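Here is a quick tour for someone meeting this structure for the first time. Have a look at the sequence and the fold, then read on.

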Amino acid sequence: MISDLKVSSLEAFAVAMPLVDVFTSGGKSKNVAKSVVVRITASDGSVGISSADPSSRAVFPERAEDLSHTINKKLKPNLIGQSPFNINLISKIIANSTQTQLGARAAIETACIDLICRRFGVSLYDYLGGALTPTVDFNGWVGELPPDEAAVEALGWVKAGFKSMKIKVGSDLSQDIERVLTIRNEVGASVRLRVDANEQYSVKDALKLDAAVKNCDLELFEQPVIRSDLEGLAEVRRKCKTPIMVDESISDHSSLLRVIRADCADYVKFGVAQAGGVLAAGKMISTAAAAGLKVVMGHGFGLNPSTMAEIMVGAAFENILPGLECVGPLKAADTVTKEALDISQGYFALPTNPGLSVTFDDEKLARYRID
């Protein structure tokens, strides 16, 4: 009987995935992305997998290596022998063992749900109640490049088929303004543009940027000031023409509630790992919806399992803004799954295979594994 199934094996380790280029965001550059991968096996041989991808700015105890250590040393002994179908109990056990490492909780919860879905032969989006769309769109990005180079990059996204993109800003106000104006002029009015400052502006400079690009019809202005300054965010929101989205200010459900109370956002952004899992993300999306806030789903660097989790969450909730930002496969030089994930045309047709619809490639896991 299914109710008799128990977790018989839990594997977790960190991997370092080379990137196709050097990527800079919020003043941090990297050419490798680190993630934690998890594989759970039940007593009947059923398997579920997942990955979680900490921010490039993560520090102890939130790095991939830290999450792997926590799962193996603190969580695994308490989860072996538990039912992988009892997500509520597993989440409680994890919460009692580690209050802060939501990436570890997300990786285990998602792997359990993947196992459940594979056991019943349903996709993860069907587990969440069904997909609202057969395809999902993705959001391109343009780095903090000189305006002429940024325009070339933006046109590349349009040519590929992307309907929206974000423009990175924050390091040089005058060049930021010129970059946005140039890109809008080159791509035309039909492409949705977002700008993302990654916390780098003061309130004064955020308002200057908004005033200078007021005719560019921006979809949103992401995290203009430092995450802790909710009052500053609220001031920017009151005075800006462009709708404000918070990202770094969202770290869990409690932080989402603080943002809502501060009335400092028109949109909120988070990924499955930030929420603490697939079901936790669903709860946060519902909270945002109740507050009248749409959600941008995803994070910039992710392996195929975490990307598929965010794709399926993004397809299952009405409150998700088109233009998912789970674009890790476009930045990764390889993958740890047997299946490729091609989102290079700006959209993706939902698969019908069970669970996350991807499986680990053990040779590649061994190649990119780090201790």
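## A hairpin and its partners

Arginine 39 has isoleucine 49, in β3, as its bridge partner. Strands count as paired if DSSP finds at least two bridges between them. The names come from DSSP runs numbered from the N terminus: helices are H or I with at least four residues, strands are E with at least two.

β2 and β3 make a hairpin with four residues between them, and glycine 45 in that turn has a positive phi of about 95°.

## How the values were made

This is a predicted model, where local features need pLDDT of at least 70 and side-chain atom pairs count only at pLDDT 80 or more, while totals for chains, interfaces and linings use all residues. Numbering starts from 1 along each chain as its sequence is written, and side-chain values use heavy atoms, with hydrogens and water left out.

Aspartate 114 sits in helix α3 (residues 102-120). Is it buried or exposed? Aspartate 114 is buried, with a relative accessible area of 0%. (Buried means under 20% relative accessible area, exposed over 50%, and partly exposed in between, using a 1.4 Å probe and protein chains only.) Leaving aside residues up to four places away in sequence, aspartate 114 touches Val47, Gly48, Ile49, Gly355 and Leu356; contact here means heavy atoms within 4.5 Å.

Glutamate 219 is in the loop between α7 (203-212) and β8 (220-222), and is buried too, at 14%. Its side chain makes a polar contact of 3.3 Å with that of arginine 192 and one of 2.8 Å with that of arginine 194. A polar contact is a pair of N or O atoms within 3.5 Å; within protein, one must be able to donate a hydrogen and the other to accept it, and residues adjacent in sequence count only if both atoms are side-chain atoms.

## A covered helix

Helix α12 (residues 304-316) has 13 residues, and 13 of its 13 residues are buried.

Phenylalanine 60 and proline 61 are joined by a cis peptide bond, with omega of about 10°. Proline 61 is in the loop between β3 and α1 (64-79).

Glutamine 223 isn't a glycine, yet has a positive phi of about 40°. You'll find glutamine 223 in the loop between β8 and α8 (230-239), buried at 0% relative accessible area.

Key:
Expected span 1.5 Å × (residues − 1).
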